[in-house]
Each structure stands twice: as C-alpha cells, then as structure tokens.
Amino acid sequence: MEPLPILTYPDERLKTVCEPVEQFDPELREFAEHLQHTADLGPSAVGIAAPQVGRMQRLCLVDATRAKRPVDNNGPLVLVNPAITNWKGFAVGREGCLSIPDYTGKVIRAETIELTAQDIEGRTVTFKMKGFEARIAQHEIDHLDGILFLDRLVSRHADLRER
C-alpha cells in the first residue's frame, strides 16, 4: 500500500474547516487504515488528521504509545468528529507537524482535556487525556478546524526553529 501524499504548508486546504463524518462504512474504515499506514511511515508521527492528506472530514489519529518516552495514554485512537468538552491548565511544549516538516515551534496547550468523539464504527466514546497525549489530540483537532501550530506559536520570532 502506497502512503497517502501529505499536504504541506502553505497549501490552502490545510486552512479549511472540515465537515463532520456522517457515513460510517467500509470505505471510512479503509481510509482510516490507509491514514494509519501513512502516519506509520512518517518521522516520529504520533498523530495525523484527514485534511493533511486532502480529505476534508473530521477524522484524526492519536497515538501516544509512539512517544519517545512512555507517557500516560489511551492507546492508539481513531477519533471521528472529536470535540473537546473540558480542559484545564496550560503548558508550553515544542511541536512539529507532518505538514510543516522543516520546523518546530513552542505552543501553549491545555494540560488536561476531556473529549467526546465517535469511533470508526460510529459509537460515541469519551476520553480523559493529559500531558503529551492531550497535546497530540489538541494539535490534530486543530487540523480539523483549519488551524496549524504556526497559528498558535508563543512567538513566531523566538519560538520557530528549523529542524
């Protein structure tokens, strides 16, 4: 299976607010598997969102099990139509992105979040996340809203670095 081509900044499609997923069928499951395969081939990819491969629907993958150091996590997740329902605290952390492969930057995110989503079968699921997993989920959900980490930099001048 060939990986899906990843859109890179400044492709305008990355700034698009995605549509909700309404149909849960074998094609959606195949797409999620193909998206996972694409993320598996990315450098240190712990998440990916559908719009990063040109599909403008609210679906993303979050996998904190792939963190360099062990962190609390809920396992590999396929999140469909995710929404953050509660958040607490703030933390600054450095982020990278498959769609902005040459840079990293410091971004402020909530330390803990609660979110509601649907799984790949359309069942409602809820998760509590903290630390790195919460950061990944917020980053990927931002993609679904047409927001890149560049839009959330603490300081574009001081905090954006070439890899």
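Helices (H or I, at least four residues) and strands (E, at least two) are DSSP runs, numbered from the N terminus. The model is predicted: local features need pLDDT of at least 70, side-chain atom pairs count only at pLDDT 80 or more, and totals for chains, interfaces and linings use all residues. Residues are numbered from 1 along each chain as its sequence is written, and side-chain values use heavy atoms, with hydrogens and water left out.

Two backbone features were examined. Most residues other than glycine have a negative phi, and most peptide bonds are trans. The peptide bond from Tyr9 to Pro10 is cis, with omega near 15°. Pro10 lies in the segment before α1 (26–41). Asn81 has a positive phi, near 55°, and is not a glycine. This residue belongs to strand β3 (residues 77–97). Asn81 counts as buried, at 18% relative accessibility. Here buried means under 20% relative accessible area, exposed over 50%, and partly exposed in between (1.4 Å probe, protein chains only).

Helix α1 has 16 residues. From first C-alpha to last, α1 reaches 23 Å, close to the 22 Å expected at 1.5 Å a residue. The expected span is 1.5 Å times one less than the number of residues. An α-helix has 3.6 residues a turn, so residues three or four places apart point the same way. The buried residues of α1 are Leu28, Phe31, Ala32, Leu35, Thr38 and Ala39. Seen down the helix axis, they fall within an arc of 120°, so they line one face of α1. The arc is taken from the directions from the helix axis to the C-beta atoms. These buried residues pack against β1 (47–49), β2 and β3. The face turned away from the buried side carries the exposed residues Glu30, Glu33 and Leu41.

In soluble globular proteins, nonpolar side chains tend to be buried together. A nonpolar core is a set of buried Ala, Val, Leu, Ile, Met, Phe, Trp, Tyr and Cys residues joined through side-chain atoms within 4.5 Å. The largest such core has 19 residues. Leu79, Ile113, Leu115, Phe127, Met129 and Ala137 have the most contacts inside it. Two or more residues each come from β2 (59–62), β3, β4 (100–118), β5 (124–130) and α2. The largest share, 5 residues, comes from α2. Leaving aside neighbours within four places in sequence, Ala137 is in contact (heavy atoms within 4.5 Å) with Val62, Ile113, Leu115 and Met129.

The UniProt record, an unreviewed entry, places the feature "active site" at Glu140. UniProt positions follow the numbering used here, feature names are shortened, and annotations may be inferred rather than shown by experiment. Glu140 lies in helix α2 (residues 131–144). Its relative accessible area is 4%, so Glu140 is buried. Not counting residues up to four places away in sequence, Glu140 touches Gly47, Ile48, Ala49, Gln52, Cys60, Leu61 and Val62.

The structure holds 0 disulfides, a disulfide being a pair of cysteine sulfur atoms within 2.5 Å. The sulfur of Cys18 is 9.8 Å from the closest cysteine sulfur, in Cys60, which is too far for a bond. Cys18 is buried at 5% relative accessibility. Cys60 is buried too, with a relative accessible area of 0%.
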